[in-house]
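Good morning, and thank you for joining this group meeting.

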Amino acid sequence: MIGIYDSGIGGLGIFNAIKQVLPYESILYYGDTAYFPFGSRQPNEVRRITLTSVKKLAEQCNIIVIACNTASVNDLDYYRENASVPIVGVVPVVKTAAALTKNGQIALLGTQVTTESAYTDKLIQEFAANKTVHKISCPGLASAVEYDTLTEAHLRGYLEPVQDADIVVLGCTHYTLIKGEIQRLVGPDVKVIDSNEAVARQTLRMLQQSGNMSSHAQPMYTFECSGDRAAFLEQIKRYAHL
């Protein structure tokens with residue numbers, strides 16, 4: 001079974017991508033909604049919250065996808081060192097953006113933790129040192145998606161700093177759930193990209209390497225959370241491709 005961990009519903013885009021690439025695998029999706037949002041929490045707090053849930057998931061799953069950029073850029077090595085199963089993380093696709101940009105201007109949208117993290121800076125230095133990467137913190141955007149309170153005017157405000165960029169990187173999985181709206185507002189000349197398919201492919205590779213591929217004709221999809229279950233399941237109906 002594959003475990004998918006996120007602060008809330010953001011990882012559902014990755015759930016959909018994994019389900020497409022690995023149609024026979026059962027998936028346990030866990031939204032840590034009691035602690036949502038992660039983006040404004042202290043890094044050590046995010047590490048503690050994430051590892052606690054990862055260890056619980058590891059009791060039932062043979063691979064875990066941390067489908068949260070904030071948790072992943074915080075300290076993937078820490079989770080890997082302390083978990084008993086392989087870990088797949090999700091980080092901003094800076095390398096892809098650097099290869100795609102035509103004018104050298106990249107906008108990276110993320111939570112405060114993600115945009116300010118040393119890991120994100122390392123990605124930029126390694127893969128986009130000769131590009132201009134505008135790190136745009138979007139406080140409250142993940143919450144607006146999680147709680148379905150986002151308005152177009154609200155979203156336009158977050159996208160204002162994008163300006164001359166021809167590539168927009170969605171550095172928070174919650175943002176991928178409104179990718180269509182973001183693409184519509186930035187226009188056809190700007191390419192909006194995320195990590196969902198790349199994470200699904202990496203999960204496939206790691207399962208193949210470990211020999212833990214399933215052949216069940218009817219996989220099970222289970223959704224659990226640490227907070228309000230009724231509200232969580234309503235959003236699952238909206239965004240999960242079941």
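I begin with helix α12. What covers its buried residues includes α1 (12-21), β2 (27-31), α7 (141-146) and β9 (221-225); contact means heavy atoms within 4.5 Å, and buried means under 20% relative accessible area, exposed over 50%, with a 1.4 Å probe and protein chains only. Helices are DSSP runs of H or I with at least four residues, strands are runs of E with at least two, and both are numbered from the N terminus.

This is a predicted model, in which local features need pLDDT of at least 70 and side-chain atom pairs count only at pLDDT 80 or more, while totals for chains, interfaces and linings use all residues. Residues are numbered from 1 along each chain as its sequence is written, and side-chain values use heavy atoms, leaving out hydrogens and water.

Which residues of α12 (residues 229-239) are buried? They are F232, Q235, I236 and Y239. Seen down the helix axis, these buried residues fall within an arc of 110°, so they line one face of α12; the arc is that of the directions from the axis to the C-beta atoms. The face turned away from the buried side carries the exposed residues A230 and K237.

I turn now to the sheet. This open sheet has 5 strands in the order β4-β3-β1-β2-β9, with parallel pairing; two strands pair if DSSP finds at least two bridges between them. β4 (87-89) and β9 stand at the edges with a single partner strand each, so one side of each has no neighbour in the sheet. Strand β1 (residues 2-6) pairs with β2 over 5 bridges, and I2 stands opposite I27 in β2.
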